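I opened this notebook to record what I looked up in the structure, one topic at a time.

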Amino acid sequence: MAKKVKSVFVCQECGNESPKWMGQCICGAWNSLVEEKPVKNYTKSPTLTSSTYPQPINKVKTANYERINTHIGELNRVLGGGLVKGSLTLISGEPGIGKSTLILQASHKIAKNYGTVLYVSGEEAEEQIKMRAQRLNAIHENIMVVSETNVDVIENYIKEIKPVFIIIDSIQTLFKPDLSSAPGSVSQVRECSNVLMRIGKGNDIPIFIVAHVTKTGDLAGPRILEHLVDTVLSFTGERTQEFRVVRAVKNRFGTTSEIGVFEMKEEGLVEVGNPSEIFLESLSPDVEGAIVVSSLEGTRPILLEIQALVAPTNLGFARRTAVGIDLNRLNLMLAVLEKKVGLPLTNQDVYVNVVGGLKPEGTSSDLGLALAIYSSMRGISIETTKVLAIGEISLTGELRPVSHISKMIKEASKMGFKKCIVPYKSVRKMENIDGIKIIGVKSLKEAINGMFYSK
C-alpha cells in the first residue's frame, strides 16, 4: 500500500497553516484554506555547478525551438507557427464549445504526418472518443486512446508508447495516489501538472491539457496551473452560434494578440480564412443603429458590425446592456454623447451588440459605437454596406488616432466599402488607398455632422 503524504491546509489570505480544514481562518477570511503538500526542509546546502551558476546574459546560449505543424492554419496562427516540442498548452472553454473536437482534429493531422498520438480521457470512455472521431472523419491507427485518471499509470503508458503528442482531457480528473485529496483539488491539480511538465520537457513531447472553466469564464482550479504551462488558449463563442474563436491568453513562444476563427459544422470545426466576410454576410444596406467598425486582432484586421438600440425606459432606472463591448467603455461613450453632443440619454435604455460573438480589442471601435447609438436615438439610417468608422474617443470628445489604421482601411477597401471616417491626425500619416474615400474629423461632434447632416 502506497504511503500517504501528509498535507496541511494553508490560508490563501494570511499564510496560516492548519492540520485540518476550517471554514474560517484565524485571520477572519472564509473558505480560504486549501490543501497543500508541506515543503521538505533541506539541511544541506546545494552544490553549485557550472550549469546553475549565474552568467552574463550576453553569453547565454539561445535555443532554436522545433515546432510541429498541426496542419490547421488557424491553430498554427494562434500558437505562433505550430506546437513547440516539449511545450505544455492549456486549452479552456465552456462545455460543448468544441475543445475536444479541435484537439481530436489536430490529433488526426499529427498522427498522419508525425507518428503516435496518445489521447488520455478521464471523462469519456474509448468508445465515445471513437464515435466522435468517426463523425469528424479523424480515425487513424496512430491515435492511441485510453480512459485513465491515475497519473502514475499514464506516465508508464507514455514510457512504453513513446508518443509524439499527448492530450490530457481533462486535468481536473487526474489524481496521484500518494495524495489523499480528491481529483480536481488544489494539491492534485498541482502535482499532476508537475508530473506532466516533467514528462513533456524531459522527452520533448508537446502536451495539450484541457481545463474546465467556472461560471464566470475563469479557469477552474489553482492559478499555479496557468503559471506552469507555456501556452494558455481560450476557446470562446456561443454554443447557439456557429463561430468559435481561439485566443492565446499566454504564449511563451509567440504573441498573445493573434486569434483563430472557426465555424462549427457537422463535419467538425472548419477554418475561417476571411472572418470579415463571414461576420458581414448578413449586413443590411440601410438601417438605424448599425455600423461597421474595424479591429486589429494580432496582424489581422477584422471588420465587425456593431448594433445599438435606444428606447425609452419604462422603469425609473435606465438599463445599459452590452454584448461584445465592455460595459465600462459603453458608459464612457454615453457620458461623452450627453456632455459633448447634447444627446439626452438619461431616461433611455441602451442595448449594444457585436454581431458574430467576437469581442473587439482596443479602442478603435469607439467612434462606430457612438455613431450607432446616435443613429438609433435620432432614427437616422446609416449606409452600413458603404461606410466604416474607426477611431478612439477621448473624454473631451476629441478623436484620437489608433495604430495600424492603414491595414484596417485596406481590408475595408477589399470588402467594397466606399467611405471611412477616421481621426484627422491619422490622415496625415496615411498613404492613399484606392477605391475608398477617407474623411478626417477632429471631434465626435464633427463626425456626427459629417455622417448624418452633410450633403
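**Entry 1: the sheet.** I began with L90, which stands opposite I209 in strand 10. I noted that five bridges join strand 6 (residues 88–93) to strand 10 (residues 207–211), and that these run parallel. Strands here are DSSP E runs of at least two residues, and helices are H or I runs of at least four, numbered from the N terminus. Two strands pair if DSSP finds at least two bridges between them.

I then read the whole sheet: nine strands form an open sheet in the order 8-7-9-10-6-11-12-13-14, with mixed pairing. Strand 8 (143–147) and strand 14 (268–271) stand at the edges with a single partner strand each, so one side of each has no neighbour in the sheet.

**Entry 2: the source.** The model is predicted; local features need pLDDT of at least 70, side-chain atom pairs count only at pLDDT 80 or more, and totals for chains, interfaces and linings use all residues. Residues are numbered from 1 along each chain as its sequence is written, and side-chain values use heavy atoms, leaving out hydrogens and water.

**Entry 3: helix 8.** Just after helix 8, G342 takes a positive phi of about 80°.
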